[in-house]
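Subject: Structure for you to look at

Hello,

Here is the structure I said I would pass on. Please open it next to this message and follow the residues as they come up.

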Amino acid sequence: MNSSYEKILKSARDLRWDIGGDFHEKIMESLYTDASRIADRAVTHPGDTPRFDLDRTIDRLVTSRIWGFPLMVLLLTAVFWLTISGANVPSGLLYSLLIDTIHPFLKSIFATLGIPWWIDGVLLDGAYLATAWVVAVMLPPMAIFFPLFTLLEDFGYLPRVAFNLDHIFKKAGAHGKQALSMTMGFGCNAAGVISTRIIDSPRERLIAIITNNFALCNGRWPTQILIATIFIGALVPAHLGGLISAFAVVSIALLGVLLTFVVSWALSRTVLKGEVSTFNLELPPYRPPRILQTLYTSVIDRTLVVLWRAVVFALPAGVVLWISANLLINGVSIAEYLVNFLNPFGLLLGLNGVILVAYIVAIPANEIVIPTILMLTVMISGATGVGEGAGVMFELESGLQTLDLLTEGGWTLLTGINLMLFSLIHNPCSTTIYTIYKETGSIKWTTVASLLPVVMGIVIVFFTAQIWRLFAG
Amino acid sequence: MEKDLNKTNQVEISESQAQAGCASCPAHNAANLQKLGVDMENWDFVVALAGNPNTGKSTVFNALTGLHQHTGNWPGKTVTRAEGGFDYGENRYKLVDLPGTYSLLATSLDEEIARDFILFGQPDVTVVVVDAARLERNLNLVLQVLEITNRVVICLNLVDEAERHNISVDDRRLARDLGVPVVPTVARYDEGLEELLAAISEVASGKTQATPYHVKYTHPKLDQAVSKLVSQIQEAFPQVPNARWVALRLLDGDERIIKAVEKGDLGELTYTVENLDGLGVDTVALKSGFRL
Amino acid sequence: MVDPLIALLIGIGVLFASALIFWPDSGLLWRLQKRRELTDKVLIEDTLKFIFKCERNQKPATLESLAGVLSTSQGRASEILAITQAKGLLEMSGKRFSLTPAGRNTAIQIVRAHRLWERHLADTTGFGETDWHQQAERLEHKLSVEDTERLSASLGHPTHDPHGDPIPTSKGDLVSHGGLPLSDLPVQTSARIVHIEDEPELIYVQIIAEDLHPNMIVEVDETTPDRIRFWSEDREHVLAPIVAANISVVPLVEENHVQDIQGIPLDTLLVGEKGKVTAISPLSRGVERRRLFDLGIIPGTEVGVEMVNPGGDPTAYRIRGSVIALRSSQARLIKVDPITEEEQEISQ
């Protein structure tokens, strides 16, 4: 090292001993002293301070003991309701366009061109169908949910939600802002994981990342609703069915919230004990949101980015699924081997081989779980008259038809309940895993975030199954 | 190549005129900008946008660039950045949105990124967006930026909101006190942007010569320590424009700056493995595989 | 299908067994790892450290006390002594043993690694103070000289560990903190805590439980053979002399003390009240402390209580124009001087 450089560093070291440890504080003091002097010279208050402070009035209202929580629940419910009900129509349109219209159209073109059946199968029934499915299910809710969420954020309300909920999250060793990343997770876990960037304390951010998967994302809602309707709703008279099945789905979502707290608590006291933890939360002034700007950026930044990643993962998944259902060894497809191999373990867990295979295939995208389950069930049980052939995903028009098919596949009420539990508590989809890796830059935390929920899920469904069998039959 | 020319120019010309040595050529450090992931092809000047959180920084960014922007991450880090460009006069400007921070003392990843960009990227202009209603808090950041560079324009934003709260800021007084141009704006309604662009171009082209205000440190021991270090630094690195700031960082034990002095390449950006660690998870332990 | 009852029992058994094996800090896996780490190298280094400390405190180092510190038999301890001597790190003269220059260097290197690691744990991780010593005890044997240098650099070459002990420089210089035991402090004098001994842990835990930390100001009210009664910042403590002896203090000059000790905790202010920051307790440290300063919370800053969370915590404060929420655990450490309404009106 150059001697003059060394001299500089040495005198810096020596001088540091002289100055003492509060150096940083002295600098900040000097900075703020000067800042305040300069500001004082430049700032004047020409009129009377207005009596009415709108920001303060809104703040008092949204954080008040009486109105704070009801308002919050109301607003968030409205966002979810708008998302779910608003997404129905475009989802249906996309579905009928991409799957009912374009898919057969492409098939007929391939057929007239005389393209071999297996190319047609891999490309159209595998890759295209899986991707189209994911787009149809995912795009509309995200295109509604994210802009709404961003509008609330721009207005300045979301930091108040974090402020209100910090009291609860603190008890679980987490940050109030986790309320926001969790809510975002109900839209999409990958987006939820990205949104943990707003948490600037490393420990709490890791907690939020690892537990985000317990927020039931929109790729899993359809599974929950379908299974709840045909298995749980069917237990009660028809006019109560809708209510009871809705109640079951909400209970699962709330169980997810409960698990978020429990796991956050445990993580902050064990593996994450050593991560730095700080807290501060700025409550910015309320500002009218810029609607067009928000629409543009949230569609670009959140919706399209997440959708693109999902498509990238769904496409090969479709290919793999089709191949595994169509590549025969000794006359039996790979998928069937796998199903039969996993079936005993699946039954022990109160699930079955089909469900486990579907969840392995569906790691890239939870949206295709139900179509895959139906396809595999038809394949295994040899049911006729439904479905479109091996490796071709489908859904059935009516719940009753689905129930018949599943019952034929050996499903019981326990299978339904355990599927709902397992759909909540299993490994994150590959888009989310990839996002976690990108956000943490650490293989260790990505592994923890991926394996922890699936191990928990297996344990929970196992015990549910045994206790159920012990008492119910 | 360009950078070397700059250096020789500055050494030859007396120090006080160092910046004026080449009035119209860009001041940015192209090699470092490239390392920071900024593509400078087709751009004449690079402008960094700094500011506290919630000062309407992104509104200013959008107002200046329109929708010609893209977002991405800083190399190896998870902090998003927006990049865009605009034309003004005969020149093309690249605008880089830095993370919103309260301070530049590298306490958090965001602060480190913003600091590194201004220090190593040496942007031609750094625009600091300031909330007129919270001037005192915002000036803290401004004063820190002025310690690093004198190519600064203050964008006094949200003056309408300040007026609603009965706060009026004398921008000319502020400009005189800070020694750099101050432009009042309401970015949301595109007010004051023309003046802001003019100020940016004058600083970029070297037409405006700033004599920025420097913080007075009240701690007597600190003052002595700083001046002792400053003379040593100026001797060893005559081309460094912000010796006082470097001295302060050395006293604070800023590892990045210590390394730069050690290697004798103050002004060069060297990314190390540690910095790639997005969450600041303990690096020594990770590298040696220790259980925490 | 397996009988559900049997499956249930097996399931519970598996859960229980894995808890037994993997439970952090007390599971089998952890114990095994700890045992494996207890090699000759570690024992030699601990021996050197022990003798080094004895020499500095001018206490005789005996075989019994060494065996006690290493928690091994006396036979094993003398075995270790023999190896250490053979390596030229130790000299024996009769029953007394002393360090050779090489041995002293190694001991200082270990102490340096230990204190730096504690500093690191305190400043850049979230571990609590009772965890620091234990972890540093293990890490000190694993950090090479280069690791230690790198660690020191990344921490900005700190001068003291979080207990107030000076960190030896890489050249091996070690200055003393120069304090006297709190038990020896005359009544009615105030002093600054410069060091808290972290061994034995039993006493250290007691001191930490009292919320006493380096840089805090204390004032002794009463000293008797069984107890020492004193004030720190805003509350009274009573400690046994043997405990108080593990706290080193440096007496203060009068005017400093008055200035430091004033003020009430920020979290005691009610909505609408204002205060001027007088000090930030040394309990707030590392990143957390820096963050508070960066937010503009420094002595002299005016802080107003804006609103309180419906559950009572956190509270939002207006600080230099911005509304910032802090938890009560943080606000408690910020001392303020309340501003009365008349004062407020005058200033306006």
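A:Tyr286 has a relative accessible area of 9%, which is under the 20% limit, so the residue counts as buried. Please keep in mind that this is a predicted model.

The ring of A:Tyr286 pairs with the ring of A:Phe155: the centres are 5.0 Å apart and the planes meet at 40 degrees, so the pair is described as tilted. In general, two numbers describe a pair of aromatic rings, the distance between the centres and the angle between the planes. Where do the two residues of this pair sit in the chain? A:Phe155 belongs to helix 5 (residues 117–155) of chain A, while A:Tyr286 is in the loop between strand 2 (281–282) and helix 12 (291–326) of chain A.

A second aromatic pair in chain A is made by A:Phe462 and A:Phe463. Their ring centres are 5.2 Å apart and their planes are at 80 degrees, an edge-to-face arrangement. Buried or exposed? A:Phe462 has 12% relative accessibility and counts as buried. A:Phe463, at 16%, is buried as well.

Chain A also holds an aromatic cluster formed by A:Phe80, A:Phe145, A:Phe146, A:Phe149 and A:Phe186. Over all chains, the number of aromatic pairs comes to 15.

Next is chain B. This chain has 292 residues, of which 58% are buried. Its secondary structure consists of 12 helices and 8 strands. Of the contacts in chain B with a separation of 6 or more, 67% are between residues 24 or more positions apart. The chain exposes about 11,500 Å², and 49% of that area comes from carbon and sulfur atoms.

B:Arg134 is in the loop between strand 5 (125–131) and helix 5 (135–148) of chain B. Its relative accessibility is 12%, so B:Arg134 counts as buried. Which residues does B:Arg134 touch, leaving out those up to four places away in sequence? They are A:Pro285 and A:Arg287 in chain A, B:Glu161 in chain B, and C:Arg320, C:Gly321 and C:Ser322 in chain C. The other arginine, B:Arg92, lies over the face of B:Trp43, at 4.7 Å from the ring centre.

Chain C has an open sheet of 6 strands in the order 3-8-4-5-6-7, with antiparallel pairing. Strand 3 (180–181) and strand 7 (235–239) of chain C are the edge strands, since each pairs on one side only. As a general point, the strands of a sheet pair through backbone hydrogen bonds, and the pairing is either parallel or antiparallel. Strand 3 of chain C pairs with strand 8 (residues 247–251) of chain C over 2 bridges, in the antiparallel sense. In strand 8 of chain C, C:Ser248 is the bridge partner of C:Pro181.

Regards

Conventions
Residues are numbered from 1 along each chain as its sequence is written. Chains are lettered from A and ligands numbered from 1 in the order in which they are written. This is a predicted model: local features need pLDDT of at least 70, side-chain atom pairs count only at pLDDT 80 or more; totals for chains, interfaces and linings use all residues. Side-chain values use heavy atoms; hydrogens and water are left out. Two strands pair if DSSP finds at least two bridges between them. Helices (H or I, at least four residues) and strands (E, at least two) are DSSP runs, numbered from the N terminus. Buried means under 20% relative accessible area, exposed over 50%, partly exposed in between (1.4 Å probe, protein chains only). Contact means heavy atoms within 4.5 Å. Rings of Phe, Tyr and Trp (its six-membered ring) pair if their centres lie within 6.5 Å; planes under 30 degrees apart count as stacked, over 60 as edge-to-face and the rest as tilted. A charge sits over a ring if NZ of Lys or CZ of Arg is within 6 Å of the ring centre and within 35 degrees of the ring normal. Accessible areas come from the Shrake-Rupley method with a 1.4 Å probe; for residues, only the protein chains shown count as cover.
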